[in-house]
Amino acid sequence: MSDCLFCKISRGEIPSRKVYEDDEVYAFHDINPVAPVHFMLIPKLHLDSLAQAEQQHAALLGKMMTLAPRLALEQGLSNGFRTVINTGKGGGQEVFHLHIHIIGGGNIPPMVKRD
Ligand code: 5GP
Ligand code: ZN
């Protein structure tokens, strides 16, 4: 997926504010944050969304889940944070490269508004 926005960001072809990088994953600040801290953690491997995840990706996804709290802490979110994975059009996904949003600081509202 050479023309994928997040693939290009993870390869450094499009600039981003890097939070973390290793050989398998890349984390960077969201360009349009919804909270004082808002960054995304992505696999360098292109997957359109969580719907494409299979058993062979379990170790990579597990690594991302355990990395997320470490990076959140490094970004100052010692009081907690929210993780969001939007999946597919029905999940409000806009960029079709799997990503975990990590959001915190300020006043985080309930995830789902109940009237
Ligand atoms: P989604 O709605 O797909 O879960 O989230 C996509 C996120 O990517 C949005 O929060 C949006 O602000 C962010 N985003 C879109 N384009 C760029 C970009 O070029 N750079 C960065 N850093 N974030 C982007
Ligand atoms: Zn991609």
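In this predicted model, 16 residues surround ligand 1. The closest are Asp30, Glu94, Val95, His99 and His101. Asp30 also makes a polar contact: one of its polar side-chain atoms lies 2.5 Å from an oxygen atom of ligand 1. A polar backbone atom of His29 is 2.9 Å from a nitrogen atom of ligand 1. For Ile31, a backbone N or O atom lies 3.3 Å from a nitrogen atom of the ligand. On its own, ligand 1 has 520 Å² of accessible area, and the protein covers 83% of this.

Now follow the chain back from His29. Strand 2 spans residues 25–29. Its partner is strand 1, residues 18–21, and the two pair in the antiparallel sense over three bridges. Lys18 stands opposite Phe28 of strand 2. A hairpin of three residues joins strand 1 to strand 2.

Next comes the zinc ion, ligand 2. Its protein donors are Cys4 (SG), Cys7 (SG), His46 (ND1) and His97 (ND1). They lie 2.0 to 2.3 Å from the zinc ion. Angles among the four donor atoms run from 106 to 117°, and the site is tetrahedral. For comparison, the ideal angle for four tetrahedral donors is 109.5 degrees. Along the chain, the donors follow the spacing C-x2-C-x38-H-x50-H.

What does the pair Cys4 and His97 tie together? Cys4 lies in the segment before helix 1 (5–10), and His97 lies in the loop between strand 4 (82–84) and strand 5 (100–104), so the pair links parts that are 93 residues apart in sequence. Cys4 is buried, with a relative accessible area of 8%. His97 is buried too, at 0% relative accessibility.

Note on methods: Residues numbered from 1 in each chain as written. Chains lettered and ligands numbered in written order. Predicted model: local features only at pLDDT ≥ 70, side-chain atom pairs only at ≥ 80, totals over all residues. Heavy atoms only, no water. Pairing = 2+ DSSP bridges. Helix = DSSP H or I, 4+ residues; strand = E, 2+ residues; numbered from the N terminus. Donors = N, O, S within 2.8 Å, 3.2 Å for Na, K, Ca; no water. Tetrahedral: all angles 85-135°; square planar, octahedral: opposite > 155°, others 65-115°. Buried < 20%, exposed > 50% of the residue type's maximum accessible area, 1.4 Å probe, protein only. Near = heavy atom within 4 Å. Polar contact = N/O pair within 3.5 Å; in protein donor to acceptor, adjacent residues only side chain to side chain. Areas by Shrake-Rupley, 256 points an atom, 1.4 Å probe, with all protein chains shown as cover.
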